[in-house]
Amino acid sequence: MKKSVSLLLAAVLCTGLFAGCAGTETASSTAGASSQEAASQTEESRAEASEGGETVDLSGTVSTNGSTSMEEVMMGLTEYFKEKYPNITVTYDPTGSGTGIQQATAGSCDIGLSSRALKQEELDGGLTETVVAKDGIAIVVNKENTVAELTVEQITKIATGEIANWSEVGGPDMEIAFIGREAGSGTRGAFEELTGTEDACSYAQELTSTGAVRTAVSTTPGAIGYISLSSLDDSVTALKVKADDASPAVECTEETVLDGSYAIQRPFVFATKSDAALSEAAQAFYDFALSEEAAEIYTEAGVVPAN
Amino acid sequence: MKRIPKGEGQTGIAPKTKSIRAAFEKGMNVLFFLCGAVAVLFVLFISVYLIVSGIPAIREIGLADFLFGQVWKSTAKEPQFGILPFILTSVYGTAGAIVVGVPIGFLTAVYLSKAASPKIAAVIRTAVELLSGIPSVVYGLIGMTILVPAIRTAFGLSSGATLLAAIVVLAIMVLPYIISVSETALCAVPKEYEEGSLALGATEMETYFRVSVPAASSGIAAAVVLGVGRAIGEAMAVMMVAGNVANMPSLLESVRFLTTAVASEMSYSAGLQRQALFSIALVLFLFIMMINAVLAILLKKGKKS
C-alpha cells in the first residue's frame, strides 16, 4: 500500500513538472502587457534618479503619436533610449496610423508613427517617411500539406471562408481550418489589414498566442494560420506567397521582407516634417531608432530592422 | 467538541492571572473576528468592484442587446457586443459535462461507499483525490494534444477544437467533486436503514439504490450542483480545447465560453471592449452566485431531513 502511494506521489510530481511548462507558456502572453507597465514605471524613476554614467546630457521632450501596432517597438525604443538620454522624455500616444500622420502634418507631434506606407497625398502634405522596421507575417500550414504556394487573393478567400477545401487551391481533398489570433492582437490586425479581410474572417480557432497558433497548425493536417516572421520555426511550413497570379512565389524570410518582394508585410514608418528640422531631442531619438543598437530591439519585438 | 463546564479549571487560580487570562481571551477573540472579517471583506470588495465596473458597458450597449445579442465583434469598426453565444455555450457545455460526468461519478460513489472491498476502494479513492489535484492547465494541455486530434479524426472535421472536446474535458474535471461529495453523503446514511432493508429480504443492490441513495439524495444533489459550479467557472482548460470562436454553440463547432471570452481578450482590450469584458465577468459572477444559493438551499434541506 505504502509503495503504491509513493508511486502515485511520484506521478503527481511528474504532472507537476508538466504543469510548470504549460503555465509559463500561457503566462508569457500576459507578460507582455505587464512588462510594458513596468517599463513605463521604471522610465519615470530613472528620469529622476540617473545622472552621470554613460549618458548624454541632452534634455527635452519628444512626442510621438500614431500606430497602435508599433506599441511594442516604441516601448522597447523608449526604454533603451532613456538609458542613454536620461533627461529626454519620450511620449507615445497610440492613436492609430491615420491620426499619427495627421498630427505630424499639423506639427502637433515631433514624430508621427505609421504602420503603413504613406500615401502620395500625405507625402505631398509636407512629410518625409523613414522606414525603421518591417513587419512580415508568415502564412503557415501543416507539414503534411502538399500546397507550397498561394496568391494573396487565395489567402484572402481562405480567410473569409470562400475557399473551404485544399483541393480548390491544388492540394489534397481536405477541409481547411483557418486558425488565427484573438481580437485585438497586433498580428491579427496586420494580417486582416494586409489581406483586406477586416471583420470578415471566418476562423476555426482563435488562440491567444503565436505559440498556440503554431502548435495548433502543426497538429492539424488541414490547418492554415498566420504568425509573425520572428516566431517561425520548422514545426510548420511557411508558404511561398505570390502578390498576384503573374508574380513569382516568394518565400517569407528576413531578406524578402526587407527588399519588399514578400507581399504580406508592412513597414513601420517614422513620419517627420520635410520643411522643418527636428528638435535636438527628437533628432537624437530619430537617430537612435535607426542605429545599430536599436536593431536588437526590433528583433526582440518580432519585426525586421530596416538597417 | 465538548464544552468545558463553567467553573472547571478556575478553581485555585489567583485573581491576577485570572484577569490576564480574560484579557488574553478577549484579545484572541478580536483576532479571530478580524481573520473572519478578511474573507467577508474580500467577497464584498470583489462583488462591489464587479458591479461598479460591469454596469457602465451594459448601460451603453443596452441590457437586451448585451444579453441577447447573437454577434460578438468587439474590435470591428462598428463593434457588436452580444454575449448570448457565450451564455448558451457555458450553459450547454456545463450541462453536457454534467450529463456525462454525473452517471459515472454517482455510480463510482455508490461502488466506493457500499460495494467495493476496502483495498480496491482505497486505490480508487486515492486516484480520485489525485484527479482533483491535477491543475486545469494540464487537462487543457492533454486535451489539446490528444483529445482534439482524436475528435478531428473521429468526426472527419477540419479542426477538432469543439464544444464536444470542452464537454469531455469538463466532465473529467467535475468527476472528483461529484464522487467525493456523493460518497460522503452515502457514507453518512445510518447503518440501521440498510440493515433493516437487508433483514426484510431485499438484495444488496436493492438496498443501495432503494434505501441508501434516497436517504442521501440531498447530498448527491449538492454534489451535482458543486460540479456545475466547477464546470461553469473553468477557464484555462476549455480555452485550450474549445477553439474560442464566438459562434452560437453547436456540438462540433468551435465555441467560446463566458470565462474564455473574458480571458482571451483581456490582454489587448481597451475602452468599451474592456468594460464589456467586465460585464461578462459580472454575468458569470451572477451565475455562480445563483448556483451557490441553490447549493446552500440543498445542504440546508439535507440537514433538516
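This report describes the domains, strand pairing, a helix contact and selected residues of a predicted model.

## Overall make-up of chain A

Chain A contains 10 helices and 12 strands. Of its 307 residues, 41% are buried. Contacts between residues at least 6 apart in sequence were also sorted by separation: in chain A, 73% of them join residues at least 24 apart.

## Domains

Chain A is divided into domain 1, made of residues 60-134 + 267-305, and domain 2, residues 136-265. The centres of these two domains, taken over C-alpha atoms, are separated by 29 Å. Their contact involves 5 residues from domain 1 of chain A and 12 residues from domain 2 of chain A. On the domain 1 side, the touching residues comprise 1 nonpolar, 3 polar and 1 charged.

For chain B, the domain assignment gives domain 1 as residues 6-61 and domain 2 as residues 83-304. Here the C-alpha centres of the two domains lie 33 Å apart. The contact draws 9 residues from domain 1 of chain B and 8 residues from domain 2 of chain B. The side of domain 1 of chain B that touches domain 2 has 6 nonpolar, 2 polar and 1 charged residues.

## Strand S11 of chain A and its partners

One partner is strand S3 (residues 111-114) of chain A, which pairs with S11(A) in the antiparallel sense over 3 bridges. Another is strand S4 (residues 127-141) of chain A, joined to S11(A) by 9 bridges and also antiparallel to it.

Strand S8 of chain A covers residues 223-228. Because 6 of its 6 residues are buried, S8(A) is largely enclosed by the rest of the structure. In a regular strand, side chains alternate between the two faces of the sheet. Both faces of S8(A) are covered: Ala223(A), Gly225(A) and Ile227(A) are buried on one side, and Ile224(A), Tyr226(A) and Ser228(A) are buried on the other.

S4(A), which pairs with S11(A), is also joined to S8(A), through 5 bridges in an antiparallel arrangement. In this pairing Ile139(A) stands opposite Tyr226(A). Strand S6 (residues 177-181) of chain A runs parallel to S8(A) and is joined to it by 3 bridges, with Phe178(A) opposite Ile224(A).

## Helices H2 and H10 of chain A

Two packed helices are described by the angle between their axes and the distance between the axes. For helix H2 (residues 71-84) and helix H10 (residues 292-300) of chain A, the axes come within 9 Å and cross at roughly 145°. The crossing of H2(A) past H10(A) is right-handed.

From H2(A), the contact is made by Val73(A), Gly76(A), Leu77(A) and Tyr80(A), which meet Glu293(A), Ala294(A), Ile297(A), Tyr298(A) and Glu300(A) of H10(A). By class, the residues of this contact divide into 6 nonpolar, 1 polar and 2 charged.

## Arg188 of chain A

Arg188(A) is placed in helix H6 of chain A. It counts as buried because 22 other C-beta atoms lie within 10 Å, where the cut-off is 20 or more. Leaving out residues up to four places away in sequence, Arg188(A) touches Gly180(A) and Arg181(A). The C-alpha atoms of Arg188(A) and Ile227(A) are 8.6 Å apart, although the two residues are separated by 39 residues along the chain.

## Residues with positive phi

Most residues other than glycine have a negative phi. Asp199(A) has a positive value, with phi near 60°. Asp199(A) sits in the loop between helix H6 (186-195) and strand S7 (205-207) of chain A. With 13 C-beta neighbours inside 10 Å, Asp199(A) is classed as partly exposed.

Asn244(B) likewise has a positive phi, near 60°. Its place is the loop between helix H10 (236-241) and helix H11 (258-265) of chain B. Asn244(B) has 26 C-beta neighbours inside 10 Å and therefore counts as buried.

Key: Residues are numbered from 1 along each chain as its sequence is written. Chains are lettered from A and ligands numbered from 1 in the order in which they are written. This is a predicted model: local features need pLDDT of at least 70, side-chain atom pairs count only at pLDDT 80 or more; totals for chains, interfaces and linings use all residues. Two strands pair if DSSP finds at least two bridges between them. Helices (H or I, at least four residues) and strands (E, at least two) are DSSP runs, numbered from the N terminus. Domain bounds come from an automatic or database domain assignment. Two residues are in contact if their C-beta atoms, placed from the backbone, lie within 7 Å. Ala, Val, Leu, Ile, Met, Phe, Trp, Tyr, Cys and Pro count as nonpolar, Asp, Glu, Lys and Arg as charged, and the others, Gly among them, as polar. Axes are lines fitted to C-alpha atoms, for helices over the stretch in contact, and angles run from 0 to 180 degrees between N-to-C directions. A crossing is left-handed if the near helix is turned anticlockwise from the far one by less than a right angle, and right-handed if clockwise. A residue is buried if 20 or more other C-beta atoms lie within 10 Å of its own, exposed if 12 or fewer, and partly exposed in between; C-beta atoms are placed from the backbone.
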